[in-house]
Amino acid sequence: MSEASVKETAVLAALALAAHYFPETVDGDERGAAPFEQAAFLVSGKYQAWERWDSLTHEEKQRITAVYAIAPAEISGLRAFSITARSMLAPLHEDDPDGPGTMLPFELVGDNPFTASAAFPRVGGDLPGYVDRLTARFRRPSSRPKPPNFAGPGTWATQEMFVNGEGQIQGRLTIPTYPQFTAPLGHDRLPRVSSVPYLPDVRIPTPELLGLARHIDLRYTPEKRYLYQTLQQLFEVLQTTDSLSPREALTLTAGRTEIFNAPTGTGKSVLVRVMAAWFAAKQLRVAIVLPDIKACLAATWNVRGDLDHLRKSGVIEHEVGCAHLMSSSGMHDRALKHASLINEDPDLPGEWGERGERDLDQLAYGCAQKTFLEATGDYPPGREPCLNLRRQGVGSAACPWIPTCGKFAPVYDACAANVVIMNHYAFMQGNLRIGVNLDGRAVRSMTAAEFALRTCHAMLVDEVDQFQSRAIDNCAGEVVLHSRRHWSAAPQEMDTDAKRLHIDDEHNLLPAVSHVRLMAEFLLLSICKNALSLHATEDERAQARIPDQTSTRWHLARGRDRTLIRLLWPETEIAEEADIPSDFFQRLNALMPARYRGLDPLASQPSLLEPDWDDVRRALGALVAPRGEHLLDMVKLELHALLEDSIKDVQRRAKAINLLVTRTAMTELDEALSELQDKAQDYRSSGLRSAQKIVELLRATAVSSVIPLGMLGRSITGYRITGLDDKEKNASLVAQTITGDPHTYTAELGGVVSLLLAAVERPVMGLSATAYFPQAVREHVLVRPGPPPRALARRQADGP
């Protein structure tokens, strides 16, 4: 029997977990069934909504997230999961009467397998063990790809690359033979690192921190000593929800991000600095994530000096180290920037002192390939062909100077250090490109986030509010869909670029491109002609604002559904702040063209109120398939006639029609844009720069690759119109797509995120002066209610 696909494995494992945690009783049967709704929930990642999650054992959390890690995002919804499960378990074709019957691991509940909503397990009594057996192949070390082999002596071709100002660059690298280098290096020359064991909590005695602060102060003259005094004052006023007083110890607990709130200037940075020394003294590893490279360089300088002082004074007897892990692609540019900030006295020798040693020495590097490379141009710093040397019959190989190259020294240093410092961006987007020897096996492209959570016992995130803001930025991508400016819209460029493809490829690609162009042009030009409007005037705040003539606010396809429902069904008399029953949203969805009915076709559909509503849907459908005609005016007139009995007031009826049409257009554009993104991904390697542009702008991000869907269960796309002050020349329609769940990503760094990346929970503490205040979408991490705002507090962060 062939091995199940990843999707099938995820479905079977989710069903087993659902039968174990949410057994459903079926009349006339003693067995507990696995409900599809709960199985889909278990692969959605929304564990914060599960009251039992916090009480599960660490092993149970590992098992559940192991299934979530492999599950395709598409089956996280009930409808998609149900269809997949029924297709797998229902007898869609007759078995060979002469062949042996196949025993499926689950049996659908009910007489009609095509409408089943649960399944009985037939895998024995040990459901968790069955899940472990299913997911075992994904935990094998061999499931991770190996790094490229090192290049040996000889002639190698370098990668072809386009560089602005240089054109197309390619070259030939001749690697010489040395007495100690006659054959390619092995993977044993890559840096080595080990996964550290799970610690449910890390208890840091306060007296030990104060003692280390006192010793570190001895580095400085008496008038410059401040660490001990600052830390002592901080602990005197610190409050916590822990059972143990902070005057006795700080306890970092594995799981959700813990928040340390303290105003600016109270000593958060001092605490992080001394905690770094404590971890090193205890021969533990800690990752410290700071806002930017400037802060990282300063912290690395301080911590290295502290550890060196403690080592020389005998406080620490073993070898310790601190490393700054940074992106290798931007080191050269950053070195130039820091050099430009140094004011050098022309009358003195070229000695830059502390700033040169602290900043430039950590960033500057030289490339050994330049001496032996013949190329059509210079490879830009940071884009050297380090991992793309090619020779016939060998494939890609890595540069043999990597183990001694300053460009990759941060990776080697970080693998050996007790304290690893990196910036927010590096943690989210960084990648150890050269590969590492992880637990004795060479693996390729470990992310910086996995490296920190897998190889460090704890993690500290400074300015965690900024971290969450950057996570939101990381999840968002923008693309111009249509513009009055020439050649500035990505779909237009893609339409032209497609002529370079084969006929079959162009035939496959153009329907998605053409439909995005059709709907984007329809929406933008209709707004420019004042035939449609995106203005929101139904609330007092909107009425008090200066008229938004450029429509620069972001608009969602379903963003004004509450207003539209009240207009279409005024007899409901729903209060302004009251929740609208879900069946009204289903009725509104039923008005959309048939492509967008998101309900299960095998389930019951909400009935429309009167036959005329079918005519409303038909009229809206004409707008998304106009067949070469301008139908907007005709459709609006027809809608006025159809809605006259429901909405007597002409102005309210016109407003409802405007909202209906814009919702239809933006909903259609949502789906078309999603389809175009998938198609662009298929042609990214074909050389289509427009396809690469769309994929890069709307790509899966570091956050969405871990938590693909937000709490809404889907990505969010917003649209805005710019340039209406000079619409003939500058009008543009811009789309922004937000994928992933940056709020949960921040709140669950030590919990779900760590389980997905490192298979263990880790203690993670975020520090901030502003993260106390809840409910602010962008900057503020949501936290449980606690002491009054003026108090210093450390609490556990919750998701939204």
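## Strand pairing

In this predicted model, His555 has Tyr719 of strand β27 as its bridge partner. The contact belongs to the antiparallel pairing of β26 with β27 (residues 716-722), which are joined by two bridges.

Both strands are part of an open, four-stranded sheet whose order is β25-β28-β27-β26, with antiparallel pairing. The edges of this sheet are formed by β25 (476-483) and β26 (555-556), each of which pairs on one side only.

## Aromatic pairs

The count of aromatic pairs in the model comes to 15. One of them joins Tyr21 and Trp50: the ring centres lie 5.5 Å apart and the planes meet at 80°, so the pair is classed as edge-to-face, the cut-off for that class being over 60 degrees. Tyr21 belongs to helix α1 (residues 6-21), whereas Trp50 lies in the loop between α2 (36-42) and α3 (58-70); the pair therefore ties together parts that are 29 residues apart in sequence. Both Tyr21 and Trp50 are buried.

The two residues also belong to a cluster linked by ring pairs, in which Tyr21 and Trp50 are joined by Phe22, Phe41, Tyr47, Trp53 and Tyr68.

## Charges over rings

Two arginine side chains are placed over aromatic rings. The charged end of Arg31 sits over the ring of Phe120, at 4.0 Å from the ring centre. For Arg391, the charged end sits over the ring of Trp156, and the distance to the centre of that ring is 4.1 Å.

## Cavities

Rolling a probe the size of a water molecule over the atoms shows where empty space is left. In this structure there are two cavities of 30 Å³ or more, and the largest cavity has a volume of about 80 Å³.

Which residues line the largest cavity? The lining consists of Tyr365, Cys367, Ala368, Gln369, Cys386, Cys399, Trp401, Ile402, Cys405, Lys407 and Phe408. Sorted by class, nine of the lining residues are nonpolar, one is polar and one is charged.

## A covered helix

Helix α14 spans residues 448-455 and is mostly covered, with eight of its eight residues buried. The buried residues of α14 include the charged residues Glu450 and Arg454.

Key
Residues numbered from 1 in each chain as written. Predicted model: local features only at pLDDT ≥ 70, side-chain atom pairs only at ≥ 80, totals over all residues. Heavy atoms only, no water. Phe/Tyr/Trp six-rings, centres within 6.5 Å; stacked < 30°, edge-to-face > 60°. Buried < 20%, exposed > 50% of the residue type's maximum accessible area, 1.4 Å probe, protein only. Lys NZ or Arg CZ within 6 Å of the ring centre and 35° of its normal. 1 Å grid on protein atoms, 1.4 Å probe; cavity = no way out; pocket = protein on both sides within 12 Å on 5 of 7 lines; lining within 4 Å. Points joined across faces, edges and corners; volume = space filled by probe spheres on them. Pairing = 2+ DSSP bridges.
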